[in-house]
Amino acid sequence: MAARTDLGVPLSTLCPKYLHSNSTSHTWPFSAIAELIDNAYDPDVNAKQFWIDKTVVDGQECLSFMDNGDGLNHAAIQKMLSFGYSDKTVVKGVAPIGIYGNGFKSGSMRLGKDAIVFSKSKNSSCIGMLSQTYLAEIQAEQISVPIISFANTNKNKLSVQEQDRVSLQHILRYSIFKTQEDLLKELQAINPPLCPRKTGTRIIIWNLRRTSVGELEFDFQKDRYDVRIPSDINESGSDTFQHQSSSYIPESVYSLRAYCSILYLKPRMQIVIRGQKVQSQLIAKSLASIRKDHYKPTFLPKRVPITFGYNTKSKEQYGMMMYHKNRLIRAYERVGCQMRGDRKGVGVIGVIECNFLNPAHNNQSFDETNQYRKTMTSMATKLEEYWKQMYYSKNKENPNSTTPVEDTMKRPDQIWLQCDDCSQWRKLPDGIDCNKLPEEWFCRLNPDPQFSLIVLRQNVGCLLITSIPALSLDQVNFECNVIDEILEQFLSERDSVKEEEQWN
Ligand SMILES: Nc1ncnc2c1ncn2[C@@H]1O[C@H](COP(=O)(O)OP(=O)(O)OP(=O)(O)O)[C@@H](O)[C@H]1O
Ligand SMILES: [Mg+2]
Ligand SMILES: [Zn+2]
């Protein structure tokens, strides 16, 4: 546990310069943002939504990140702002992405010099500051992080405990929030009127990183609803840029919206960028001519599934999509024949979850071990096999066609949509026009009749279960007709009440 000084500001034993050097692992700025998204996504926080915005505080441009997860108390925020604490475990089968206890620090300090965290947990609220400017101004030799915490109340003043007074003074003096009211406003933003979950965390980063000519590294103008990296900012030597063959850079490299849409293999959390929802993609199910294959390396006891298919949106974005514990590590990584430039393998996407490989600290590549090299060689062979299969079967079907295979692949085999209410992914019946899908979609709009019954049963099940705390939803058999019977009783009860009301 970090020591505390007489001032009541917890101290770490690291020197402030470490904050900067530690952040340099994120050569590509979206890699830093992804760390903050991962933290909200991880099962200990389990946020349903995550908001990314650009805002101005005290005349300064800032980035803000907010989630409606479980929030933090004093002890937890202290760990969050310190190095090397990570006690995340598997919750209900969901494995955490975070393991090192470093992502928040490296990510936030990559984006800007200073960060402040506001958090509301069930019983308390707290505020903590990790600020390079502050540490420089107080000429700190070790990293110290002012933290204040207090019970949740509706009062317009912070009821700060005696031992947090100095921290509060430091936050008001050295952050961009100059009054207690300013701080309270940010805390209140965590539970806006229409949000039913009252806990969450809000991170504001200021003194944002600038380029060598003094411009912000992000472009907020070109697209009002996106955060983009201008094309001339390859100066950072990011390997995410360098890895891509020079001719074509995938949108996910420079558009945060595009990157967020593929960040998770099975997306659960909704991400909202500058007020507009990101349309997450179920990448492995959005392809055309899907074939399932397996990879069975000698060093693993089990086979690992791989999905191959054609990209239906852009035939120029192709290659392996490599995930680790649900999180994207490498995107559009061209392998084998795809690197030879003879049109072989063009348009083909392969999706694999490589939980058996070790991601690097910045989560943007895998450690270059023998196992990694073997995996890549095997991917290349399998991808070429798939491509050949497709190529020859299309040629057989249409021997006279001169159109390349990748140009005929326009429709995904299946259409899956995520419900804006419960975040579940649902498969739509065949024959739906994928170009005419609504912006917002809910389970109840599913035209599959089989499906509406299941949803109805589930909803009723949920309702009933809230009155039996010992029972969890996974224990209920939705096929059984007990729920239907109760539902019938409920409906007839409701109708008779309605009739009575009409009489009175
Ligand atoms: N948005 C958040 N809401 C609640 N708790 C958070 C949030 N972000 C971070 N934390 C807490 O802070 C701790 C430190 O986060 P950090 O990203 O630095 O490390 P990590 O996620 O544990 O590991 P990794 O370095 O692999 O990301 C987390 O373990 C988590 O307990
Ligand atoms: Mg993390
Ligand atoms: Zn739903």
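The zinc ion (ligand 3) of this predicted model is held by three protein donors, namely the SG atoms of Cys419, Cys422 and Cys443, at 2.2 to 2.3 Å. Donors are taken as N, O and S atoms within 2.8 Å of the metal (3.2 Å for Na, K and Ca), and sites may look incomplete because water is not among the atoms. Along the sequence, the donor residues follow the spacing C-x2-C-x20-C. Cys419 is buried, with a relative accessible area of 3%, whereas Cys422 is partly exposed at 37%. Here buried denotes under 20% relative accessible area, exposed over 50%, and partly exposed the range in between (1.4 Å probe, protein chains only).

Residues are numbered from 1 along each chain as its sequence is written, chains are lettered from A, and ligands are numbered from 1 in the order in which they are written. Local features require pLDDT of at least 70 and side-chain atom pairs pLDDT 80 or more, while totals for chains, interfaces and linings use all residues; side-chain values use heavy atoms, with hydrogens and water left out.

Ligand 1 is surrounded by 18 residues, of which the closest are Ser86, Lys88, Ile99, Asn102 and Gly103; a residue is near a molecule if one of its heavy atoms lies within 4 Å of it. This shell comprises 6 nonpolar, 7 polar and 5 charged residues. In this division Ala, Val, Leu, Ile, Met, Phe, Trp, Tyr, Cys and Pro count as nonpolar, Asp, Glu, Lys and Arg as charged, and the others, Gly among them, as polar. Oxygen atoms of ligand 1 lie 2.6 Å from a polar backbone atom of Asn102, 2.9 Å from one of Gly101, and 3.4 Å from a side-chain N or O atom of Asp44. Taken alone, ligand 1 exposes 600 Å², and the protein buries 94% of that area (Shrake-Rupley method, 1.4 Å probe).

Helices H2 (29-41) and H4 (103-111) each contribute at least two residues to the shell around ligand 1, and H4 gives the most, with 3. Helices are DSSP runs (H or I) of at least four residues, numbered from the N terminus. In H4, 9 of the 9 residues are buried, so this helix is largely enclosed by the rest of the structure.

In helix H3 (residues 74-81), the buried residues are His74, Ile77, Gln78, Met80 and Leu81. These residues fall within an arc of 160° seen down the axis, so they line one face of H3; the arc is that of the directions from the helix axis to the C-beta atoms. The N-terminal end of H3 is capped by Asn73, a side-chain oxygen of which lies 3.3 Å from the backbone nitrogen of Ala75.

Definitions and conventions: A polar contact is a pair of N or O atoms within 3.5 Å; within protein, one must be able to donate a hydrogen and the other to accept it, and residues adjacent in sequence count only if both atoms are side-chain atoms.
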